[in-house]
Amino acid sequence: MTDDHTTQAISCYGSKLAETPHMDRLAAEGIRFDNCYAVNALSGPSRACILTGKFSHVNGFRDNASVFDGDQPTFPKMLREAGYETAIAGKWHLISEPQGFDFRSILSGQHEQGDYYDPDFLENGIPVIEKGYVTDIVTDKAIRFLEERDKEKPFCLMVHHKAPHRNWMPAPRHLGLFNETVFPEPDNLFDTYEGRSSAARQQDMNIAHTLREDWDLKLLTREEMLRDTTNRLYNVYQRMPAPVQDKWDSVYAIRIREYRSGHLSGDALVSWKYQQYLRDYLATAQAVDENIGRLLEYLEKSGELDNTLIVYTSDQGFFLGEHGWFDKRFMYEECQRMPLLIRYPKAIRPGSTSRAIAMNVDFAPTFLDFAGVAIPEEIQGRSLKHILEQRGESPEEWREAAYYHYYEYPAEHSVKRHYGIRTATHKLIHFYHDIDEWEMYDLQSDPKEMNNLYGKPDQAETQAALLCLLRQTQEIYDVTMDELTVDEVN
């Protein structure tokens with residue numbers, strides 16, 4: 001699993017921005033889900049939903065200020081009880097100590113997000129500083145576990161990368177990789193949010209004004225960074241070995257000169273910032289794809305490749321300039337939708353695709369189902385095993401909609417609290433708390449979610465049907481009126 005990797009940046013999902021051959025291999029030799037959704041598009045909450053198979057209001061981890069209750073049942077605990085050897089390497093981001101793992105080496109520092117260069121880890125509770133680049137190191141740890149594990153036991157290994165999380169720092173070998181590339185701009189890079197709720201206008205995650213010159217765009221020289229030790233980039237830069245610092249300085253010197261030339265302003269400046277953002281984001285993601293290749297190679301050499309259920313996903317999607325934004329949180333398609341690629345030739349026909357509506361709460365019951373472990377009744381997700389075995393076809397009486405609820409407001413990026421449903425053809429969103437505004441989209445005629453149909457007379461029948469389905473969905477997932485008015489987020 002990666003952090004903030006979006007389907008728009010994966011070539012098997014049709015991306016024209018970058019090639020991801022090892023992710024594409026998983027899709028070609030397995031199945032690609034086209035409608036898998038996060039139920040709360042934020043790092044910690046998504047991870048809690050994946051571990052427990054339960055929505056945020058049930059597992060208790062609503063926002064990144066929460067602390068995960070590690071005493072509750074999780075799929076690694078249940079697999080361990082069933083005889084699996086369990087491990088996690090990389091990002092945890094749930095504050096509390098991981099439970100249910102025979103081996104754990106999790107990133108620490110930067111609020112548990114970890115550093116890209118020479119990162120700190122807690123390995124089985126012991127602090128260690130590793131030398132190198134974080135994506136490579138996480139994979140090294142994963143392969144070490146596979147080499148040293150008890151070969152008489154089945155295993156469950158969670159490989160959780162920091163990349164490509166903000167502030168998008170590429171591996172030394174990828175610094176400047178896309179400096180000569182000019183990426184196509186999204187049609188709605190200069191979105192004015194006309195006709196939509198005030199939530200879209202009042203966010204603080206736009207490329208034009210929110211990207212920081214130092215932290216995000218890397219527009220400081222070495223002398224400027226070293227002169228201001230309070231700058232966040234200073235500590236990160238200090239972690240780099242001297243040769244990496246030299247390459248960093250050389251690569252970003254060109255960007256700094258362009259920015260300070262005085263020739264950039266208005267829309268031209270926004271377009272320029274967009275290019276720099278994508279160059280760093282996509283270069284950071286390259287190491288992830290390479291390291292997926294390393295894992296596949298190890299599994300193949302060890303004879304376990306076709307005997308292992310291999311899943312690639314991210315904790316949610318991400319905006320790559322759509323609506324003028326970066327980050328996630330909103331229920332819009334670019335970040336609500338998650339990549340989901342699964343390879344297991346014993347059950348999945350190569351090259352399968354699925355348009356079944358899946359959610360990240362489905363992961364836990366799917367893993368338990370394949371392992372032959374009973375799925376507890378309190379798990380709210382549903383196993384995808386039947387869909388995998390039937391070339392992506394949904395079983396009868398499969399769900400009509402994915403449910404979503406985002407809680408973290410007021411907080412970073414100022415995205416309003418909201419909940420809603422996403423069906424095969426439509427989306428209904430209610431922004432609440434300090435505003436009371438609705439949005440509704442026809443995803444077949446308006447896939448970029450630009451035309452809010454809520455309240456329009458000619459949409460009354462569709463709107464009524466979606467409102468009814470929303471209430472039914474909330475009943476299914478035990479969402480109460482108290483939950484919809486909860487005011488616990490700082």
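**Reading a predicted model: cysteines, helices and rings**

Modeller: The count comes to 0 disulfides here, a disulfide being a pair of cysteine sulfur atoms within 2.5 Å. This is a predicted model, in which local features need pLDDT of at least 70 and side-chain atom pairs count only at pLDDT 80 or more, while totals for chains, interfaces and linings use all residues. Residues are numbered from 1 along each chain as its sequence is written, and side-chain values use heavy atoms, with hydrogens and water left out.

Colleague: Is cysteine 12 buried or exposed?

Modeller: Buried means under 20% relative accessible area, exposed over 50%, and partly exposed in between, with a 1.4 Å probe and protein chains only. Cysteine 12 has 15%, so it is buried. Cysteine 468, at 41%, is partly exposed.

Colleague: How do the axes of helix 1 and helix 10 cross?

Modeller: Helices are DSSP runs (H or I, at least four residues), numbered from the N terminus. Axes are lines fitted to C-alpha atoms, for helices over the stretch in contact, with angles from 0 to 180 degrees between N-to-C directions. Helix 1 (residues 21-28) and helix 10 (residues 266-301) have axes that come within 7 Å and cross at roughly 55°. Helix 1 is therefore oblique to helix 10; angles under 35 degrees count as roughly parallel, over 145 as roughly antiparallel, 65 to 115 as roughly perpendicular and the rest as oblique.

Colleague: Which residues of helix 1 make the contact?

Modeller: Contact means heavy atoms within 4.5 Å. Helix 1 contributes Pro21, His22, Met23, Arg25 and Leu26, and the residues from helix 10 include Val288, Ile292 and Leu296.

Colleague: How many aromatic pairs are there?

Modeller: Rings of Phe, Tyr and Trp (its six-membered ring) pair if their centres lie within 6.5 Å; planes under 30 degrees apart count as stacked, over 60 as edge-to-face and the rest as tilted. The count comes to 28 aromatic pairs. One of them, phenylalanine 55 with tyrosine 477, is tilted, at 4.4 Å centre to centre and 40° between the planes. Phenylalanine 55 lies in the loop between helix 2 (43-52) and helix 3 (56-59), and tyrosine 477 in the loop between helix 14 (460-476) and helix 15 (481-484), so the pair ties together parts 422 residues apart in sequence. Both phenylalanine 55 and tyrosine 477 are buried.

Colleague: Which pair is formed by tryptophan 325?

Modeller: Tryptophan 325 and tyrosine 332 form a stacked pair, 5.9 Å centre to centre with 20° between the planes.

Definitions and conventions: Helices (H or I, at least four residues) and strands (E, at least two) are DSSP runs, numbered from the N terminus.
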